[in-house]
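Let's take a friendly walk through a protein model. Please keep the sequence and the 3D view open side by side as you read.

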Amino acid sequence: MRMRQIRTTVILIILIIGMVGLGLWFERHPFLETEPVPTATPEPRPSPTYKAFSPMNTVAVRPTGTPVPPQEEIKPIGKEEAEVITRVYTAEEGNIYTFNYSPDNGELPSVLQALEDLSAPAVFFMKDDDLRQFPQDASLIIQAGHEMGILMEKDSQITAERQLAMIQESEKELRALGYTGEVYVRTAYGEPSTTHRQVAAAGGYKLISFLQDMVPNTVSRLSDASQILSTIFSGNNDVALQRGEIVTFQMGLFQYSNTVLANYIRLLTNKKNIYPVKSLSAMMNNTAMCYTYPLTDDQILPSVLNQIYPGHITADQDPMDVILERYYGTNWVVKEDFLPGFKPMERYYLNTSGYIRNKENHCFLTFDDWGPDETLTKLLKVLEKHRVKATFFIRTNYITYNPNLVRAIAMAGHTIASHTDSHFPLSNNVKDGVVFESLTEKQAKELQEDLILSYEKLQRIVGDIEIDGKPALSRLFRPPTLAVSKIGLTTVFDCGFTYSVSGSFSTEDYRAKSAEALCDAILEKVWSGCVLVMHMSQNSIYTADAVDMFLTKLEQQGSPLKFVSLLEDLS
Ligand SMILES: [Zn+2]
């Protein structure tokens, strides 16, 4: 009997030790969790600048998860759905930091300090439970000048009506804490559902999401800020934050130190953000720089809307006459092997100099392809510094991921033009870049579709912008790789493009060894009427500096040359 009691006690002790051990192990291996679920209720932390708001503390009496608002607060949830906002559609330089608040880890003071040091206003989203349990934290955030939002529950956990009532109750609590700004909503976990959208619309709340999760689970076990940064910004993602982009930081994930998040925010802001961090409401209310995307038909200028379609070359026109009038070639696309489809006499009359003759000493800077915010913004600043206007031939297949950057180019007064959607060449390179063949009929049809798509993408972003009375979106065209063929150019002009401009000098800036070398090479080729072909891609690392250098030299020499948009002479 006694032995049995002892044995039972020993088994019980072993079981208890085992359970405690397992609990500790789980606590130290947070990666086993799929979602950041706050653990037990931590004690509210005293804070130095906390002001007591007595009405707030009484609200906390309401039992968790069962909001029972007054009946008149419940609005009918309609079919209308709020837009999910992942970025502000704006040409303004700036982006937005948002935080999903968590009381775990005690990160808030260091995060608020980092944001203050960086002059970075943010939006903090809180769950209604957290707001009631940690009003002093909400108060700290509000006093620091940040904006506030409410995290919505999963659909499965709450009815739409309760969700809305819960948000409205939380808004009242924020007002009681002295918050006067806009209250936003966001889902605590996952993509917003139709119900989430309907709830936000019914309450008149902006539904905020994000483009990048800056604290994904892959970094939650790291404790070194630079290691976190290099993990997030690796490979194809090693580009600066975008203009207007909303990023989010989940608090309470870094388990090993309560200052990791703050250190990471500092490093990110200094190393991977070329723009100032701005308040969401300030960016959304800057109507001079904001736009709707995609632009609707009635917003697009009538002279721009749907101007690219097949059938511009009529049956009584000889395509060759159109090509001779509207093709500005280049000095290395001259021989038979480079000009498939053209007869000898046709080749003879083609423009192969690439110069655009004019009496005003006009020269033309042109930039091809597409690039990240770093490259484009640096280039725009150089052009602005020298007060010159350029023409941007944009390859459009990635621009829908960053429409604000296209918008910024046009808003800076430069001309937007097409370089096809997929870099579709106008002839087939059949031998090492020295022999080209005509496109097949099928390929010409594909090119036609590509051209229409490219223009469609551009008109939805910049189709409403006018510069000095002219649309920013032109119908100028640049052939990818500058390769052409008779059928290719015929397709381009039949679609309604006004001019195809290859250029007098291919700078090959993407191969440049230094900005000085590129500057010198360009200076040798700069004469009145020249069209310089440069690039805006990530690997054109010296282009902006070289442009700055040669424009500075020309200015110092008192050069009469003027750098203008191609539209000044081709319209
Ligand atoms: Zn190109």
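Helices H13 and H18 are roughly parallel to each other, because their axes cross at roughly 5 degrees and an angle under 35 degrees counts as roughly parallel. Keep in mind that this is a predicted model.

**Helix H13 and its partners**

How near do the axes of H13 and H18 come? They come within 9 Å. On the H13 side, the residues that meet H18 are Lys 378, Leu 379 and Val 382. Facing them in H18 are Thr 543, Ala 544, Val 547 and Asp 548. Sorted by class, this contact has four nonpolar residues, one polar residue and two charged ones.

H13 has another neighbour to look at, helix H14, which covers residues 403-411. The axes of H13 and H14 come within 11 Å and cross at roughly 10 degrees. That angle makes H13 roughly parallel to H14. In this contact, Asp 373, Leu 376 and Leu 380 belong to H13, while Leu 405, Ala 408 and Ile 409 belong to H14. Five of the contact residues are nonpolar, none is polar and one is charged.

Here are the two pairings side by side.

| Helix pair | Axes come within | Crossing angle |
|---|---|---|
| H13 and H14 | 11 Å | roughly 10 degrees |
| H13 and H18 | 9 Å | roughly 5 degrees |

Now turn to H13 itself, which runs over residues 373-385. Its 13 residues reach 18 Å from the first C-alpha to the last, close to the 18 Å expected at 1.5 Å a residue. Which residues of H13 are buried? They are Asp 373, Thr 375, Leu 376, Thr 377, Leu 379, Leu 380, Val 382 and Leu 383. The cover over these buried residues includes strand E10 (362-369), H14 and H18 (543-556).

An α-helix has 3.6 residues a turn, so residues three or four places apart point the same way.

**Backbone details in the loops**

Just after H13, Arg 387 takes a positive phi of about 50 degrees. You can find a positive phi at His 423 too, near 65 degrees, in a residue other than glycine. His 423 sits in the loop between strand E12 (415-418) and strand E13 (428-431). Because His 423 has 16 C-beta neighbours inside 10 Å, it counts as partly exposed.

Glu 508 is not a glycine either, yet its phi is positive, at about 50 degrees. Look for Glu 508 in the loop between strand E19 (505-506) and helix H17 (515-525). With 13 C-beta neighbours inside 10 Å, Glu 508 counts as partly exposed.

Where is Pro 294? Pro 294 is placed in the loop between helix H10 (280-284) and helix H11 (319-326). The peptide bond leading from Tyr 293 to Pro 294 is cis, with omega near -10 degrees.

**A meeting across the sequence**

Finally, find Ala 262 in helix H9, which spans residues 260-271. Is Ala 262 buried or exposed? It has 22 C-beta neighbours inside 10 Å, so Ala 262 counts as buried. Ala 262 and Val 111 are 151 residues apart in sequence, but 4.6 Å apart in space, C-alpha to C-alpha. Leaving out residues up to four places away in sequence, Ala 262 touches Glu 107, Ser 110, Val 111, Gln 113 and Ala 114.

Note on methods
Residues numbered from 1 in each chain as written. Predicted model: local features only at pLDDT ≥ 70, side-chain atom pairs only at ≥ 80, totals over all residues. Axes fitted to C-alpha atoms, helices over the stretch in contact; angles between N-to-C directions. Helix = DSSP H or I, 4+ residues; strand = E, 2+ residues; numbered from the N terminus. Parallel < 35°, antiparallel > 145°, perpendicular 65-115°, else oblique. Contact = placed C-beta atoms within 7 Å. Nonpolar A, V, L, I, M, F, W, Y, C, P; charged D, E, K, R; others polar. Expected span 1.5 Å × (residues − 1). Buried ≥ 20, exposed ≤ 12 C-beta atoms within 10 Å, placed from the backbone.
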